Amino acid sequence: YGFINTCLKSLVVEKYGEETWEKLRLQAEVQDSFLTFEVYKDEITMQLVDKACKILGVPADVVLREFGEYFFEFCKRSGYDHMLRTLGGNLYEFIENLDALHSYLSLSYRAILFGFVFLQEMNAPSFRVEKNEDGSMHLHYYSDRRGLCHIVPGIIGAAALDFFNIEISMEIVNQTEEEERTGKKEHIVFLVTQNPVFSYKERSKFSSLPQHLADFEKQIDNQLNKEDLEKAKNAIKDRGSSVCPVRKSHWKTIRGIITLGKGKLLRGFDPVYPKSLWIDTKTFCNGLPFHMVFDKELRVKQAGVSIQKIVPGLQTMGICLDQYFSIVHPEVPFTISSIQKFINSQFVFQTRREMMPESWKQRPMLELRGQMIWMESLQCMLYLCSPLLRTLHELEERQMHIADIAPHDVTRDLILLNQQRLAEMELSNQLERKKEELRILSKHLEEEKKKTEALLYAMLPQHVANQLKEGKQVEAGEFKECTILFSDVVTFTNICAQCEPIQIVLMLNSMYLQFDRLTTVHDVYKVETIGDAYMVVGGVPVPVPTHAERVANFALGMIIAAKGVQNPVSGHPIQIRVGIHTGPVLAGVVGEKMPRYCLFGDTVNIASRMESHGVPSRIHLSSSAYQCLKYKNFEMTERGEIEVKGKGKMHTYFLIRNKTATENEIMGRP
């Protein structure tokens with residue numbers, strides 16, 4: 001289910017960041033998000049774990065244990081806190097009832113398990129726990145999936161610390177292929193040892209006991225005879241109120257058996273049984289309509305009336321139970337010894353189709369769920385069970401009715417409540433799907449927005465574009481000093497006259513793509529292109545002191561780039577003229593429809609004149625541009641005085657090269 005993958009994503013994002021998750025999911029080739037109740041392939045989870053180990057450089061057992069610890073917290077945050085807390089009063093009871101929790105969850109989910117996920121047709125992991133004399137435990141873990149056992153210490157350790165305030169250590173003492181269970185499941189045996197964890201207040205409390213309390217302890221110890229003490233200790237041990245390898249003093253034991261406020265000793269609980277059973281056989285079989293009693297050879301000795309009605313073969317006492325039923329859970333052979341070994345587990349029986357009446361053979365088989373109770377005096381096993389039905393639909397499929405289930409059996413309520421729960425889950429699922437669709441649409445919208453903004457920022461300066469988007473009027477700005485460049489293609493008119501229009505377009509596009517890339521390399525602003533004319537500016541719209549150097553380096557790059565563009569007429573590289581001038585300008589947005597960011601002032605005119613009076617494949621500088629570059633590691637030569645249209649005589653220069661930058665640096669190559 002997506003719940004597990006969502007938890008794994010949450011762990012990676014929370015501890016290692018969004019970038020790590022993005023890298024992880026791309027390498028694992030999985031989607032970014034998962035629906036909680038959606039069934040996903042196990043390979044997805046395995047891929048995520050495998051890639052996490054490689055990316056984080058952490059062994060698999062460490063990753064799985066950390067995931068187990070986080071998964072416990074994730075379950076609590078997801079609303080399973082109270083359900084988990086009520087499993088048992090101590091760690092032993094908690095683990096012992098994990099399988100029961102799985103069984104309950106399977107009513108609503110196909111098979112969401114505590115710590116693992118499996119499809120309904122697959123086998124679920126199972127837990128079996130044994131107490132040892134020293135207070136430690138052996139936890140038996142059975143699973144179809146190999147290599148995931150390290151999740152268990154993470155989950156169990158987190159639960160022990162949170163629910164029972166104890167720290168535990170778990171080590172693998174045995175790892176085998178389980179021959180007893182169908183499918184040869186992996187069988188891992190953990191040794192679990194625990195130590196109490198006391199808070200600071202508790203430690204202070206125990207360390208500062210008054211002397212009279214200690215005297216009272218001795219007095220009680222003398223008054224309590226050994227028989228009562230032993231019986232009390234055994235009673236507490238039987239109840240499993242603490243599974244801890246720390247030896248208890250007599251005083252701690254006594255505290256557990258004294259009624260608060262009264263000081264009376266509880267000598268343990270001894271149930272009272274009647275001399276004979278005050279219920280007749282008929283009433284018992286009617287009152288418990290789904291029960292069976294069978295001996296060591298699996299011969300049926302007794303059965304409830306409802307199960308007899310569904311499986312008429314059970315009316316023949318002495319028939320073998322395994323002829324009519326198979327064990328679905330736990331997956332053990334149908335023998336009395338295997339059943340006794342897993343007696344603390346819930347057992348699920350399924351009727352065999354070939355042994356059912358004709359009317360049942362077209363229906364889904366009936367499943368029974370319940371507990372096994374070994375009756376030592378009779379050497380027989382009692383199976384107290386109920387029909388395993390999740391919904392009213394399943395009830396109808398088997399042509400059964402609520403009336404077939406005993407009034408005291410909570411299965412009646414579970415079916416009705418679960419019907420409502422399933423409807424709520426379906427609604428939740430639909431909402432989650434809509435949420436995911438909205439998230440994807442929002443993501444696509446954000447991508448399209450970025451594309452639109454990128455296009456807008458290519459046409460206008462970013463701060464100007466943002467002001468226009470906000471509906472603000474953009475005021476014209478004066479820039480006291482900037483450097484403007486113009487360029488054009490030599491003999492462009494002749495080329496146009498001898499070529500097809502598409503050839504001209506392809507030539508200009510090839511050239512302008514390289515020029516545009518250079519504007520990014522040298523951080524200059526492209527103002528416009530008109531035909532073969534290309535105009536850029538440095539120091540506008542963001543003033544910078546290095547505007548002249550940036551434009552100069554850009555111009556050097558243009559000359560180099562132009563050599564790579566072919567003249568469609570001659571087949572030789574095209575030639576361009578470049579002119580540069582430095583001075584003040586006024587800049588602002590002109591128009592509302594297709595607004596343009598334009599530059600105004602005499603500086604623009606002079607820069608244009610520098611280009612038109614330039615020399616092919618040379619960079620023509622005005623005297624003001626020369627002065628800005630004079631001490632900036634550029635090699636320049638004097639052209640002298642020339643007659644400039646509309647300006648008279650002007651002293652100009654040629655830019656040759658940058659003395660410190662290589663061609664690759666000028667072109668922005670690695």
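Q: Hi! How many disulfides does the structure hold?
A: Zero disulfides, going by this predicted model.

Q: What is the nearest cysteine sulfur to cysteine 7, and how far away is it?
A: That would be the sulfur of cysteine 75, 6.8 Å away. A disulfide needs the two sulfur atoms within 2.5 Å, and cysteine 7 is in none.

Q: Is cysteine 7 buried or exposed?
A: Buried: its relative accessibility is 0%. Cysteine 320, by contrast, is partly exposed, because its relative accessible area is 25%.

Q: Good to know. What about confidence, what's the mean pLDDT of the protein chain?
A: The mean is 81, and 84% of the residues reach 70 or more.

Q: Where is the pLDDT below 50?
A: Residues 235-248 are one such stretch, with 32 contacts in the model beyond near neighbours in sequence. Residues 257-267 also fall below 50, and that stretch has 14 contacts of this kind.

Q: Why would residues three or four places apart point the same way?
A: Because an α-helix has 3.6 residues a turn.

Q: What follows α19?
A: Aspartate 523 does, and its phi is positive, near 55°.

Q: How about α16, what should its 49 residues span?
A: They should span 72 Å at 1.5 Å a residue. The end C-alpha atoms of α16, which runs over residues 411-459, are 70 Å apart, and that agrees.

Q: Which residues of α16 are buried?
A: Thr411, Ile415, Asn418, Met425, Asn429, Glu432, Glu436 and Glu453.

Q: On to aromatics. How many aromatic pairs are there?
A: The count comes to 17. In one of them, the rings of phenylalanine 72 and phenylalanine 163 have centres 5.2 Å apart and planes at 65°, so that pair is edge-to-face.

Q: Where do phenylalanine 72 and phenylalanine 163 lie?
A: Phenylalanine 72 is in helix α4 (residues 60-85) and phenylalanine 163 is in helix α7 (residues 151-164), so the pair ties together parts 91 residues apart in sequence. Both phenylalanines are buried. Phe72 and Phe163 also form one aromatic cluster with Phe94 and Phe164.

Q: Last topic: where is tryptophan 360?
A: In the loop between β10 (347-351) and β11 (367-375). Tryptophan 360 is buried, with a relative accessible area of 6%.

Q: What is tryptophan 360 in contact with, leaving aside its neighbours within four places in sequence?
A: Its contacts are Ile310, Arg353, Met365, Leu366, Arg398 and Met400. Isoleucine 310 is 50 residues away along the chain, with 8.4 Å between its C-alpha atom and that of tryptophan 360.

How values were computed. Residues are numbered from 1 along each chain as its sequence is written. This is a predicted model: local features need pLDDT of at least 70, side-chain atom pairs count only at pLDDT 80 or more; totals for chains, interfaces and linings use all residues. Side-chain values use heavy atoms; hydrogens and water are left out. pLDDT is the predictor's confidence in each residue, from 0 to 100. Contact means heavy atoms within 4.5 Å. Helices (H or I, at least four residues) and strands (E, at least two) are DSSP runs, numbered from the N terminus. Buried means under 20% relative accessible area, exposed over 50%, partly exposed in between (1.4 Å probe, protein chains only). The expected span of a helix is 1.5 Å times one less than its number of residues. Rings of Phe, Tyr and Trp (its six-membered ring) pair if their centres lie within 6.5 Å; planes under 30 degrees apart count as stacked, over 60 as edge-to-face and the rest as tilted.
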